Amino acid sequence: MEADPAGVLTGAHYFDGDFACGEGAMAAGCRFVAGYPITPSTEVVERISRRFPLIGGTFIQMEDELASMAAVAGASWTGTKSMTVTSGPGFSLMMENIGLATMMELPCVVVNVQRGGPSTGLPTMVGQADIMQARWGSHGDYETIALSPQSPQEAFDLVIDAFNLAEIYRTPVMFMMDECVGHMSEKVVIPKPEEIEIVPRKLTTKSPEEFLPYVPDENLVPEFARAGDGYKFHTTGLTHDERGYPVMSAECQELNVRRLVDKIRRNAEKIVRFEEEATDGADVVLITYGITARVARMAIDIARKKGVKVGVIRLIVVWPFPEKHIRELAKKIKAFVVPEINYGQIALEVERCSAGNAATRLVSHMGGGVHNPQDIVDAILEAAK
Amino acid sequence: MSRTEVRITGFGGQGVVLAAYIIGRACSVFGGKHATMTQSFGPEARGAACSATQIISDTEVLYPYIVRPDILIVMSSDGYDTYRDELKDDGILIYEKDLVHPILKKRQPSFGIPSTRIAESLGRTIVQNIVMIGFFGAVTQIVSREALRKGVEASVPPGTEELNLKAFEAGLAYFDDEYGKKKTKKPAKAAAAGKSD
Amino acid sequence: MKFWRKPLDLDQVVIPHGDVIIIKDRCKGCGFCVEYCPKGVLQMSEEFNIKGYHPPIVVKSGECVNCNLCEMLCPEFAIYSVPAPEDETLGGAEESLSTVEATKEEKTWRRTLRAS
Amino acid sequence: MSKVIDRPEVAKEQHPVAPLLRMDRIPHIWCPGCGIGTVVKCFATALQETEVDLNKLAIVSGIGCSGRAAGYMKLDGFHTTHGRAIPFATGLKLARPELKVVVFSGDGDLAGIGGNHLIHSARRNQDLMVILVNNFNYAMTGGQNAPTTPTPAKTSTMPYGNFEHPFNVPHLVASCGASYVARWTSLHVRRMTKSFKEALNRKGFRFIEVVTPCATLYARLNKLGLGLDLMRFYHQESEIRNGADTRDVAIGYQSKIICGKFVDEDRPSYLETMHEYYRKVLGDKYVPTPPEGGMLREQN
């Protein structure tokens, strides 16, 4: 369906990534946000708290991130598109209820504007070290969806996709910005509402008598009944059966968790999204995401001038990882070069998928800034040998 | 591919970030260029030397931080002390004449304006940064005066457009009066400052 | 019915009668209902239910005043009372009372009976 | 005349609160002599007697023995994470303001791990009804010390007796700004039910503490006997003092339990305050979240 015009600020703007993300959320139909201030994500909720009272949304600044994520889970049960916004330390606090939202199968978006860590780390400076936390941060087995924008324009565009994916798969979606994208201002063009494609909450058509909250459809996604529509359903963070009733057994765990994982895993090919350039015939392929993708392109230009055949894959959807594609590519190239602002997270995934067929070279940066393109050039030249 | 790096620095309250924002907005939204702004955050943004950077380019800005500015706009002496050494050897220095007393270098074209005094004469010191924007536009010609004017108009609080546009024009006029007519100091074209990368 | 002090309006008051219904296999034998039944209607039985607890049994059939206290206190939803069918509970002496319209005082009295 | 029903499937349907319970989940997991079931019964009765729209009522629980309550009631029932029932309920309420949202959970959950949410929700006078079942310990995990454990009661993590000062929870929430505060024991079934009925029809943060027996752990560790013995203790040692100053209602070990309705004030609730404020500063530009929620709907 088309976007609700109330939330769409059509026109050309000059926004930082945080504002763009907030605008994207509102354009996507988000009408509930609970958050807690944390640098460098705060501008997202500042934007939203200013605009929400004018467009029928509710923002509440909760007492902490645990509460924020719990409130988002609660709000999602009303069918309202809901979001919370944080950075590393707050993301850690949200993990418990991200697990709850995963288990209850709640569409929502969690924005993490990544900064340098661990702990308080570098609050005002860039990092990309929460990528694995986005994947594995909550306990138990689950699959997640995570996107990573490289510019304020993408912060706007992709957060809409994040909301849509959350609706399609009934799962929390991680929106992994980084401080650099969050705090950089660039031109952001917001299209007309009718040009924005929105996936609405798919409500069950069954009557309360015949409805069970966790009967999966062919995509393994259950139908949704909102709180207050007379369905009187039960839901729990405990392992549960199709009725939503807790069942403490290995058999139920098997069915419940396997489906939670499989609904993403089996649809991974549909969710995976990346930009690919010049990988055909390349010797070296860069795997990049977020702000690093931009810096890496400078390195690629330099390396190409030196005669190296370099291709690039920019991950737009980071999780699920384009595993199949990387596996195939690994058989054809010499090496992958993975620049990221951490000590090797996506590099591990690349290495796993290349399965020894191609070398994986990490170009790590501990955060607080972006790579010097020359470091990436050096790694490309080294890898091409 | 041209890439012009600009740093604007001053003390908290001078509207450093807004100035950078307006320049970026003018260049990208109204001027057809790419402009990427970053700014200092945290305690340092509120105390001593506050700074924002702007990268203006004909193509997409890949590297978001400045390496060595082509243009340094200083509105406080603290800011000058902190950032003067990073200005490119042939970079342009634009400074607040009453507050900053730079050691002028031969190869660095420098342009001073008493922007605070001008703002005071317009009735509000707060528009000092807008005066500076006008002056910057005239000095560098990096983007058309019209685009900058639109940038100012669209970015200032509603109801203050008139005052701010006056401040903007005052900045332009100061350049035209002080430097424009003199043959010795031509406007430093941004293209000349922006080195190919 | 015995009274510590006979209410002045006793002859105008309808004393309700109830039937106690016990879902014995739900009982966990806590004894709350037996302890707090104001009329001593219940007693723990000797019998075991399927969970191995002694459920209550009714020992003073006809004494229940349908105050619902057992029902309110029971944590297991295992006991409740319902108004007794009229023909079974109304003896000859009380028959005339059954037609008396409920007065305000009577309602107050009922509330007093129900107070825990 | 009086009868013992031997056919549970018949009796199930007849129990007065059966329509409000998930009968397919009864019997519940609570121990013999536990009082939580009594609180559920009283809450169900209150719902029946107030005739609230059950379709528009949600019950949210955290984790722990009392946290299971949401699972036994035939309502939109949410069994959430430990300590987070209140913020979860906050999201439900704010995103669909027409809902009545009731939080039903234990002392460890609400006052311990969720203590921060409890005080902030009370501070905001958030539109929630909170039933805190206080059994003085973390029962589901085996009788550990709770923020409500009186000194020097023994718990499994204070085997020599608790030396920590416990919360006086009614005073805590009252001082934060809750508009309705009451305490009863699970023996006070009528008064508890009356409080529930009152609270269901109030706005703002409504808080009712119910002291209940934990026979299996708290009573056993302290050699206090069975659930029934605790009920007898409540009978002897509870004192009803409506309107009592909450500073005076702290519960000591086997000391008097002051019960009653302590606070019942008509203070503007969170939603009222928010609407009023935004209307004042934004005028006609203010667009509140509609009562049925901010869900996007296909335009016809």
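User: How many helices and strands does chain A have, and how are they defined?

Analyst: In this predicted model, chain A has 13 helices and 16 strands, where helices (H or I, at least four residues) and strands (E, at least two) are DSSP runs numbered from the N terminus.

User: What makes chain A as compact as a globular protein of that length?

Analyst: The radius of gyration of chain A is 21 Å, close to the 21 Å that the globule rule gives for 385 residues, so chain A is as compact as a globular protein of that length; the radius is taken over C-alpha atoms, and the rule is 2.2 Å times the number of residues to the power 0.38. Along its principal axes, the C-alpha trace of chain A spans about 70 × 50 × 40 Å.

User: Why is Glu2(A) called partly exposed?

Analyst: Glu2(A), found in the segment before strand E1 (11-16) of chain A, has 48% relative accessibility and therefore counts as partly exposed, since buried means under 20% relative accessible area, exposed over 50%, and partly exposed in between (1.4 Å probe, protein chains only).

User: Why is Ser186(D) called buried?

Analyst: Ser186(D) lies in the loop between strand E8 (180-185) and helix H8 (189-200) of chain D, and because its relative accessible area is 0%, Ser186(D) is buried.

User: What share of the 385 residues of chain A counts as buried?

Analyst: Of the 385 residues of chain A, 66% count as buried.

User: How are residues numbered, and which pLDDT values are needed?

Analyst: Residues are numbered from 1 along each chain as its sequence is written, and chains are lettered from A. Local features need pLDDT of at least 70, and side-chain atom pairs count only at pLDDT 80 or more, whereas totals for chains, interfaces and linings use all residues; side-chain values use heavy atoms, with hydrogens and water left out.
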